[in-house]
Amino acid sequence: MTAGGHGTDGVERRGLMFVLSSPSGAGKTTLSRLLIERMTGLRMSVSATTRAMRPGEVDGRDYLFVDKARFDAMVKGDELLEWATVFDNSYGTPRAPVEAALSAGQDVLFDIDWQGTQQLREKARADVVSVFILPPSAADLEKRLHSRAQDSDEVIRKRMSRASHEMSHWAEYDYIVINHAVDEAFAEVQSILKAERLKRERRTGLVGFVRGLQGQLQG
Ligand SMILES: Nc1nc2c(ncn2[C@@H]2O[C@H](COP(=O)(O)OP(=O)(O)O)[C@@H](O)[C@H]2O)c(=O)[nH]1
Ligand SMILES: Nc1ncnc2c1ncn2[C@@H]1O[C@H](COP(=O)(O)OP(=O)(O)O)[C@@H](O)[C@H]1O
């Protein structure tokens, strides 16, 4: 699924799928936006969802907002790389943009839940890097859900009551980041991506590069 692209140092490598998951309100969206703004070579995977649009959200940027019939047609037509039901709504990752980005040598960022992460891992274990974001405390989580001011009290109660269940999947992830201060959590997530980009196994161009160096040395 992942064709080659060039790393910042010019050595060809396979693109990776960078996954952020967390209980609702822990900071995935905030960290994802910062990553997209500040890291080159990284594209956001825009999910399809049947949930209602929140104030300030933009169709096609935050999500593709679709009705249940369209979502079911996407599932039937094998248009989704993975999909799951979360908070009574359907969410899924459109396959085509992900495949196009990876073939163009870009990395892809996913804000998806543990169910979607498991499905991606089953499909492409070596190319998936997963990070679970935890809130510093339950009180902070609740405060953040309220401060976002985009969900009703009832929806927030539902999200809080699901948080413990969501969090129970933390040990399936490669990295765990505790989101105390945004800047620090961002720096940690950024470091993970930078290090993962340098992993030897992804750097398909290294053999040729080193051969070239050896040729120069013998030359
Ligand atoms: N499996 C899967 N989960 C998704 C997808 N898109 C979003 N989610 C997850 O659905 C959950 C709810 O997302 P959302 O309604 O935006 O609320 P938020 O968690 O407060 O941002 C979050 O855990 C997201 O990570 C997707 O395409 N697939
Ligand atoms: N480290 C942090 N400290 C304080 N507030 C934060 C922090 N990270 C995120 N927030 C705020 O918490 C709310 C929920 O964050 P968001 O990124 O939407 O979470 P998620 O996408 O995981 O549901 C937002 O209002 C966001 O601005």
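Here are a few friendly notes on this predicted model.

1. Some housekeeping comes first. Residues are numbered from 1 along each chain as its sequence is written, while chains are lettered from A and ligands numbered from 1 in the order in which they are written. Because the model is predicted, local features need pLDDT of at least 70 and side-chain atom pairs count only at pLDDT 80 or more, whereas totals for chains, interfaces and linings use all residues.

2. On confidence, pLDDT (the predictor's confidence in each residue, from 0 to 100) averages 93 for the protein, and 97% of the residues score at least 70. The complex has an ipTM of 0.96 and a pTM of 0.93 from the predictor.

3. The protein holds eight helices and 11 strands (DSSP runs numbered from the N terminus: helices are H or I with at least four residues, strands E with at least two). Its C-alpha atoms fill a box of roughly 70 × 40 × 30 Å along the principal axes.

4. Now to one helix pair. Helix 1 (residues 28-38) and helix 7 (residues 182-197) have axes that come within 10 Å and cross at roughly 60 degrees; the axes are lines fitted to C-alpha atoms over the stretch in contact, with angles from 0 to 180 degrees between N-to-C directions.

5. Which residues meet there? From helix 1 come T30, L31, L34 and L35, and from helix 7 come V182, A185, F186, V189 and Q190 (contact means C-beta atoms, placed from the backbone, within 7 Å).

Methods. Contact = placed C-beta atoms within 7 Å.
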